[in-house]
Amino acid sequence: MAAALLRPRTLGFALLAVVLVIFPYLHGWPVFSAFISEFRTFNATMLAVWLLVVLSMNLLTGYSGQISLGHAAVVLVGAYTAGVLVDQLGVPLPLAILLAGVFTGIAGGVIIGLPAVRLAGPYLAIATFSLVITLPQILKMGGIRNWTNPSRGISIDAVQPPGLVDGFLDERQWLYYITMATAVFMTILAWNLVRSRIGRAFVALRDSEIAAEQMGINVPLYKALAFGISSFYAGIAGGLYFMVLAFVHPESLGFLDSILFLVAIVVGGLATILGSIFGAFFLTFQGELIDELATIIPEAEKLRGVIYGSLLIVVMILFPRGMAGFVQDLVRTLGRITAARRHGGLSSNPPAQDDTNGESDAQGR
């Protein structure tokens with residue numbers, strides 16, 4: 001038991017848990033206050049929201065191979081569902097977020113998933129692209145204008161800590177803990193899902209639908225299920241997005257955001273949970289990175305698009321399997337070096353790749 005607790009992976013998770021718990025307070029500690037400001041708590045809160053978005057995108061595209069160019073519309077549906085439930089029906093916000101995920105998951109599985117059974121590749125991408133184009137117009141239609149309030153959007157008062165913790169946590173810290181706890185819980189669910197029978201069926205669909213069908217996999221069912229589960233995650237993320245910002249508008253998320261979600265899973269690493277985490281960091285800090293470059297290079301502000309595109313090209317050349325693939329290769333190489341030193345020399349046959357973590361090699365996807 002003691003040996004298991006001292007394993008590097010166990011110690012790493014324990015250290016990560018401690019960091020996540022104390023993070024909202026680090027800006028007030030003498031050493032950390034020099035480089036961590038109070039605003040970083042909001043950054044970490046949005047990181048948790050984007051993590052759920054990237055996870056939903058990775059489950060759909062990375063694991064099951066279904067390309068979506070309209071994923072921002074699914075997140076927006078979740079945000080608006082939570083907003084309408086809270087603003088119009090007086091539903092408590094936590095319940096509204098859960099119902100937003102359920103509603104979005106069902107809608108995604110039925111409205112998107114069932115038609116997607118007959119579509120694949122660029123045809124599916126174009127079909128999903130239509131969602132992000134039409135949804136803002138649908139939200140402004142006369143029949144639902146009273147619910148969606150398209151001219152001003154839906155806004156609520158900032159979420160305040162409940163009485164039990166009021167005085168111990170401020171508004172920003174409370175939002176961080178609620179959002180981060182949800183993200184961690186759903187990340188663990190996704191980690192188990194991709195290692196389950198459903199996750200293996202998704203990977204089989206991605207690799208070859210014909211081969212999957214010959215293996216006895218119900219292709220239409222699992223394609224619809226992939227959209228449903230992905231939409232459920234996106235709906236929860238949308239509800240949290242509304243809770244954190246206390247506002248949603250038909251133009252809050254658009255086509256550019258859908259492209260950024262797709263870029264995030266590629267930069268982070270397709271078909272890996274670790275890649276989703278890197279993708280969330282990318283979505284959270286990519287704008288700030290360009291702003292920092294603008295302070296160093298006078299002309300950078302005028303060339304934001306050029307710099308952004310160039311950085312993406314460099315990342316794709318240096319890390320073709322994303323940041324997660326680079327980290328996995330680095331850990332594997334260090335393991336081989338350690339094993340070689342332990343046995344007094346390099347082995348002619350390197351250790352076989354450990355596939356027990358269930359992460360799929362997504363190079364070229």
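Trainee: Is Asn149 buried, partly exposed or exposed?
Mentor: This is a predicted model. In it, Asn149 has a relative accessibility of 24%, so it counts as partly exposed. The cut-off for buried is under 20%.

Trainee: Where does Asn149 lie?
Mentor: Asn149 is in the loop between helix 7 (145-148) and strand 1 (154-155). Its phi is positive, about 50°, although Asn149 is not a glycine.

Trainee: And Ala246, what is its phi?
Mentor: Near 55°, a positive value in a residue other than glycine. Ala246 sits in the loop between helix 11 (219-245) and strand 2 (247-248).

Trainee: Buried or exposed, that Ala246?
Mentor: Ala246 counts as buried, because its relative accessibility is 13%.

Trainee: Changing topic: helix 13. How many residues does it have?
Mentor: Helix 13 has 24 residues, 273-296. From first C-alpha to last it reaches 34 Å, close to the 34 Å expected at 1.5 Å a residue.

Trainee: Where does helix 13 bend?
Mentor: At Phe285, by about 50°.

Trainee: What happens at the start of helix 13?
Mentor: A side-chain oxygen of Thr272 comes within 2.8 Å of the backbone nitrogen of Gly275.

Trainee: Which helices do the buried residues of helix 13 pack against?
Mentor: Helix 3 (39-63), helix 8 (171-193), helix 12 (255-268), helix 14 (304-318) and helix 15 (322-342). The buried residues of helix 13 include Gly279, Phe282, Leu283 and Ile290.

Trainee: OK, helix 12 then. Why does its span agree with what it should be?
Mentor: Its 14 residues should span 20 Å at 1.5 Å a residue, and the end C-alpha atoms of helix 12 are 20 Å apart, so the two agree. Just after helix 12, Gly269 takes a positive phi of about 135°.

Trainee: What do the buried residues of helix 12 pack against?
Mentor: Helix 3, helix 4 (71-87), helix 6 (121-139), helix 13, helix 14 and helix 15. Among the buried residues of helix 12 are Leu260, Phe261 and Val263.

Trainee: What is Phe261 in contact with?
Mentor: Leaving aside neighbours within four places in sequence, Phe261 is in contact with Trp50, Val53, Met57, His71, Ala72, Val75 and Leu283.

Trainee: How many residues are in the largest nonpolar core?
Mentor: It has 91 residues, and those with the most contacts inside it are Trp50, Leu52, Tyr63, Tyr233, Phe261, Phe282 and Leu283. Helix 3 supplies the largest share of this core, 15 residues.

Trainee: Last topic, rings. How many aromatic pairs does the structure hold?
Mentor: It holds 12 aromatic pairs. Phe232 and Tyr233 make an edge-to-face pair, because their ring centres are 6.2 Å apart and their planes stand at 85°. Tyr233 is buried, with a relative accessible area of 4%, whereas Phe232 counts as partly exposed at 26% relative accessibility.

Trainee: What about Phe319 and Phe326, how far apart are their ring centres?
Mentor: Those centres are 4.9 Å apart and the planes are at 65°, so the pair of Phe319 and Phe326 is edge-to-face. Phe319 counts as buried at 18% relative accessibility, and Phe326 counts as partly exposed at 37%.

Trainee: Which residues form an aromatic cluster with Phe23?
Mentor: Tyr176 and Tyr177 form one aromatic cluster with Phe23.

Note on methods:
Residues are numbered from 1 along each chain as its sequence is written. This is a predicted model: local features need pLDDT of at least 70, side-chain atom pairs count only at pLDDT 80 or more; totals for chains, interfaces and linings use all residues. Side-chain values use heavy atoms; hydrogens and water are left out. Helices (H or I, at least four residues) and strands (E, at least two) are DSSP runs, numbered from the N terminus. The expected span of a helix is 1.5 Å times one less than its number of residues. The bend at a residue is the angle between axes fitted to the seven residues ending there and the seven starting there. Buried means under 20% relative accessible area, exposed over 50%, partly exposed in between (1.4 Å probe, protein chains only). Contact means heavy atoms within 4.5 Å. A polar contact is a pair of N or O atoms within 3.5 Å; within protein, one must be able to donate a hydrogen and the other to accept it, and residues adjacent in sequence count only if both atoms are side-chain atoms. Rings of Phe, Tyr and Trp (its six-membered ring) pair if their centres lie within 6.5 Å; planes under 30 degrees apart count as stacked, over 60 as edge-to-face and the rest as tilted. A nonpolar core is a set of buried Ala, Val, Leu, Ile, Met, Phe, Trp, Tyr and Cys residues joined through side-chain atoms within 4.5 Å.
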